[in-house]
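The following exercises concern the model displayed below. Each task is followed by a solution worked in steps.

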Amino acid sequence: MYRYDSFDTRFIAERVAQYRDQVRRRLAGQLTEEEFRPLRLMNGLYLQLHAYMLRIAIPYGTLSSRQLRQLGHIARTWDRGFGHFTTRQNIQFHWIKLEETPDILAALAEVEMHAIQTSGNSFRNTTTDPFAGAAIDEIEDPRPYCEIIRQWSTLHPEFSFLPRKFKIAVSGAANDRAAVRVHDIGLYLRRNAAGEVGFEVLVGGGLGRTPILAETIRDFIPKRDLLSYIEAILRIYNQYGRRDNLYKSRIKILVQSLGIARMRDEVEAEWTAMDHAALALPDEAIAEMAQFFPPPDPAPAPADDDGFGAALETEPGFARWVEQNTAPHKVRGHAIVTISLKEPGLTPGDCTAEQMDLVADLADRYGQGEIRVTHEQNLVLPQIRRVDLPSVWRALGAARLATANVALASNIIACPGLDYCGLANARSIPVAQRLAVALAPREREIGDLQIKISGCINACGHHHVGHIGLLGVDKNGEEFYQITLGGSADANAALGAIVGPAVKSEDVVHSVDTIVDVYLKLRTGGERFPETYRRVGNKPFKDALYAAH
Amino acid sequence: MPLIRNERFVMDTWRHLADDEGVPDAPRLSVSYVRWIEQRNALAMLPASLGVRLPNDVSPQKLAPDLGRLGLIVLTFPRFTDGRAYSQARLLRGRLGFAGELRAEGEVLRDQLLFMRRCGFDAFTVSERAVAEDWLAAFREFDVFYQPAEDREMPVLRRRLEAARRHFTVA
């Protein structure tokens, strides 16, 4: 993992002092709420329906056990004993007092964390594959580049007041587990014909009101030029992105209005004119950063022992969990464990302080002290020996963290919705809870199914790329849900299509059940939901959904 | 309104002409970009130092041929959230090599001063509160910077590399 050096430590201390002074000026009346708002937003502090919400950056979703314990400490000391992991691989606390926020930031600084730019119209947390460094299908670990981007984009003087927020995702693997194509800039590590590793650069993806998949602006950029190329894109966006309409201000709208070819011309012209040397990444700088992310110990652990094999035989729950919640690891005898924060009936992504402590302890004992946060709002232990899986499973089970539903119907992504958020039209959490409870009994029969719920058009729950997407809309003060089908966030990314008129909140479970029934009836072979949907189209689903009404 | 230049409060010695105002006999005059385009040749003949107030939707490239004749360029922040002038400033300083005074006006607030200075601004038209609230302290809130910009600050990446090289040389 990356560790702060004296520069980083000093910078974070300066930032905490600056923010403490901003809060002091606000409380003393020197700053109006309007003037204070962008300052607090630059530190991830939102004013929500009932209290302040503090969103803390978890750079590219990587946490140490010490950091996770400190998040538990924050939950206990300044919140109500739990936190909520988000689709940006961050964590947010929903019951925060303004005057206590400087102390929270100081507590974060103790463990090399911060809340910088977790909101506001600037760079947000750079995200990546939660299996980075452990995945078998990886060209290279993307995290050194994420950290280089994180540092370069931190309090960038030119790009702190962009037309709108800006999200970058990096993937180093063949399978896209980072939803790269729904980002403002997406980066895929690629090997060119000469065998050199660099990046394919995509631009202009995003969800929200106008969902668009990013397009390739450059097939290959050498590592050395990564930052200068990104800076060229940002300079074009900062000058020409729309600022007159909140809903047309993301870079995707600029790319759509110029067309990708002209956008490319503008960026290439800027990139050619700019000073490359100042931003160049020499090999030694990349090598130095890569040292923080050493490859896992290549010595294979014993593949099985009596305990593992016996547990598979005798504990059907363990076997199901291994099947659903573990993934193959680069090193033989190891596994990547996903810890589901989606027990049916509970709030997706919520985690109590006690659970955080337990996961931190397990990471220390079995997993080299490393934890990841996924954009599906789960946690990952990326370095577990297979022989330790039974012990890990039992310990997780005792803390209600062993739900075997990763990739299944009850692993629902949901935004916080109207229970917390001032923007929402609908309460997405109770819908997610009801759906998970209803679908869980037959989810193994259903197989892979991604349900994603957003409480409003801002699409924090990524509903456009759910196999089944649900969008909360307001109809004369009543909560309705618009249903989209056929979306996907993987390497074959696709946006879902609206199936028909929105349904009442209380009818959502019945509607999704009906959709699942149609899928089960029509699927052939090993077809996943999006494949069946693409083959049979909208009509069978629509007919079944609206026939009865 | 108070003016900060090179991190001190100073008097503004420039006359800023309205578009319909006659040209007075003054040592330093600024005009709008529109007036500059219309009266460029006549204005350039004046003995005075000249400044142009450039809107934030005009490319600084348009002033490229004139930069040697200009002692001041004023860039504007209609709202502090409208960050276009940051890019204009970097282009003027870094790309086009403008060496005169680069002044920020409009909604110029305390907590943006350091960003502006890093992008190449050296002068700031600020509100009356700036004096009483000691806005100059804002320039000293950070001394660690992660990216190259138009100031002389060495970004962290270079500082690390230099430190590593020094270490290597000594060893």
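**Exercise 1.** Is A179(A) buried or exposed, and how many other C-beta atoms lie within 10 Å?

*Solution.* The model is a predicted one, in which local features need pLDDT of at least 70, side-chain atom pairs count only at pLDDT 80 or more, and totals for chains, interfaces and linings use all residues. Residues are numbered from 1 along each chain as its sequence is written, while chains are lettered from A and ligands numbered from 1 in the order in which they are written.

Step 1. A residue is buried if 20 or more other C-beta atoms, placed from the backbone, lie within 10 Å of its own, exposed if 12 or fewer, and partly exposed in between.
Step 2. A179(A) has 24 other C-beta atoms within 10 Å and is therefore buried.
Step 3. The residue A179(A) sits in the loop between β7 (168-171) and β8 (185-191) of chain A; here helices (H or I, at least four residues) and strands (E, at least two) are DSSP runs, numbered from the N terminus.

**Exercise 2.** Describe the backbone at A179(A) and at Q117(A).

*Solution.* Step 1. Most residues other than glycine have a negative phi.
Step 1. A179(A) is not a glycine, yet its phi is positive, near 50°.
Step 2. Q117(A), likewise not a glycine, has a positive phi of about 60°.
Step 3. Q117(A) belongs to the loop between α4 (101-110) and β6 (127-128) of chain A, and it is buried, with 25 other C-beta atoms within 10 Å.

**Exercise 3.** How many residues of chain A are in contact with chain B?

*Solution.* Step 1. Contact requires C-beta atoms, placed from the backbone, within 7 Å.
Step 1. 30 residues of chain A are in contact with 26 residues of chain B.
Step 2. On the side of chain A that touches chain B, α1(A) gives the most, with 6 residues.

**Exercise 4.** Which strands of chain B pair with β5(B), and is β5(B) enclosed or open?

*Solution.* Step 1. Two strands pair if DSSP finds at least two bridges between them.
Step 1. Strand β4 (residues 28-32) of chain B runs parallel to β5(B) and is joined to it by 5 bridges; R28(B) has S49(B) as its bridge partner.
Step 2. Strand β6 (residues 70-77) of chain B also pairs with β5(B) in the parallel sense, over 5 bridges, and L72(B) is the bridge partner of G51(B).
Step 3. Of the 6 residues of strand β5 (residues 49-54) of chain B, 5 are buried, so the strand is largely enclosed by the rest of the structure.

Terms used:
Contact = placed C-beta atoms within 7 Å.
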